[in-house]
Amino acid sequence: PALILPTKQKQISMVMDKFESQFEDLDVQTGYLEGTLSSDTAISAPTDQVDMLMQQVADEAGLEVQHELGKGEMDKLPELTSPQVKEKEEDLLAQRLRALRPAV
């Protein structure tokens, strides 16, 4: 019993040291994140300036900038059907399937 006590104290001490280390790491990470977020919002460029810069670079490279990327692609997508139309189609398919099955 007397030997068990120092072993448990050592284990508790190790756990507390690990907790303290993890807590310090978390504190450093939180500080870094807060610093990054505050500097990120401070250096955010207005959208119109970004668009002008993109257009300038595109003009220098002889490229055409599409502001609404993928807009032409939307025309190629099939239209979604309403659930009621889908139910009607499923009913018609079920009727055709029943007609194809032999009468039992």
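A: A residue is called buried under 20% relative accessible area, exposed over 50% and partly exposed in between, using a 1.4 Å probe and protein chains only. By that rule, 1% of the 104 residues of the protein count as buried.

This is a predicted model: local features need pLDDT of at least 70, side-chain atom pairs count only at pLDDT 80 or more, and totals for chains, interfaces and linings use all residues. Residues are numbered from 1 along each chain as its sequence is written, and side-chain values use heavy atoms, with hydrogens and water left out.

Now the rings. Rings of Phe, Tyr and Trp (its six-membered ring) pair if their centres lie within 6.5 Å; planes under 30 degrees apart are stacked, over 60 edge-to-face, the rest tilted. The count is 1 aromatic pair. Its partners are Phe-19 and Phe-23, with centres 6.2 Å apart and planes at 25 degrees, hence stacked. Both residues sit in helix α1 (residues 4-42). They are 4 residues apart, about one turn of the helix. Phe-19 and Phe-23 are both exposed.

Next, the surroundings. The protein has 4 helices and 0 strands, where helices are DSSP runs (H or I) of at least four residues and strands are E runs of at least two, numbered from the N terminus. Confidence is given as pLDDT, the predictor's score for each residue from 0 to 100. The protein has a mean of 76, and 67% of its residues reach 70 or more. Helix α1 has the highest confidence, at 83, while helix α3 (residues 71-74) has the lowest, at a mean of 57. Where pLDDT is low, the predicted coordinates should not be read in detail.
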